[in-house]
Amino acid sequence: MGPVDYLIVEFPGNRMTGEGFPLLLDLVDRGVIRILDLLFVRKDDDGSVVAAEWRDLGDETDLSVFEGASSGLLDQEDIDEAGAVLEPGNAAGILVYENVWAAPFAQAMRRSGARLVANGRIPVQALLASLEAAEAAGTSSGR
């Protein structure tokens, strides 16, 4: 199995356009990821967090293709933690996915005796700031 990641995407005002869902399906169809769980939650104005059926999130987007995407990994504690980062009145999708692309690479590394000693993720904001700084330094040093 490849590494498993999760993400929580907040939809202000419970409004989803559905623009990203075809891209998510493309990743699945190409074997890049495998969706283990996709759960929608809603944070009410009183701060309570409840799981929401995809049907409850409006008719703008057909999410039926994701129906049944549940491995059982997510529990109430996960829902509560997701709710802690949401603004009241908003909904979110919690996506747990396997990075299928990485499994063959990891197997090859293990067979060769290699071992993972560290991993992490660079936040997009930090990456953009670093690229901007490098670009500014390159521009100013070149003049």
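How do strand 2 (residues 34-43) and strand 4 (residues 91-98) pair, and over how many bridges? They run in the antiparallel sense, joined over 8 bridges.

## Before we dig in

This is a predicted model, where local features need pLDDT of at least 70, side-chain atom pairs count only at pLDDT 80 or more, and totals for chains, interfaces and linings use all residues. Residues are numbered from 1 along each chain as its sequence is written, and side-chain values use heavy atoms, with hydrogens and water left out.

## The sheet

Let's start with the strands. Strands (E, at least two residues) and helices (H or I, at least four) are DSSP runs numbered from the N terminus, and two strands pair if DSSP finds at least two bridges between them. Here, 4 strands make an open sheet in the order 1-4-2-3, with antiparallel pairing. Strand 1 (4-11) and strand 3 (49-52) are the edge strands, each pairing on one side only. On average, neighbouring strands are turned by 25° against each other, direction ignored; axes are lines fitted to C-alpha atoms (for helices, over the stretch in contact), and angles run from 0 to 180 degrees between N-to-C directions.

Helix 2 (residues 76-84) packs on this sheet and touches strand 1, strand 2, strand 3 and strand 4, with contact meaning heavy atoms within 4.5 Å. The direction of helix 2 makes about 60° with that of strand 2.

## Strand partners

Zooming in, valine 41 has alanine 92 in strand 4 as its bridge partner, while phenylalanine 40 has alanine 52 in strand 3. Strand 2 and strand 3 pair in the antiparallel sense over 4 bridges. Their hairpin has 5 residues between the strands, and glycine 47 takes a positive phi near 95° there.

## A link across the chain

The whole structure holds 4 salt bridges (a side-chain nitrogen of Lys or Arg within 4 Å of a carboxyl oxygen of Asp or Glu). One joins the side chains of arginine 121 and aspartate 5 (3.2 Å, N to O). Arginine 121 sits in the loop between helix 3 and helix 4 (124-141) and aspartate 5 in strand 1, 116 residues apart.
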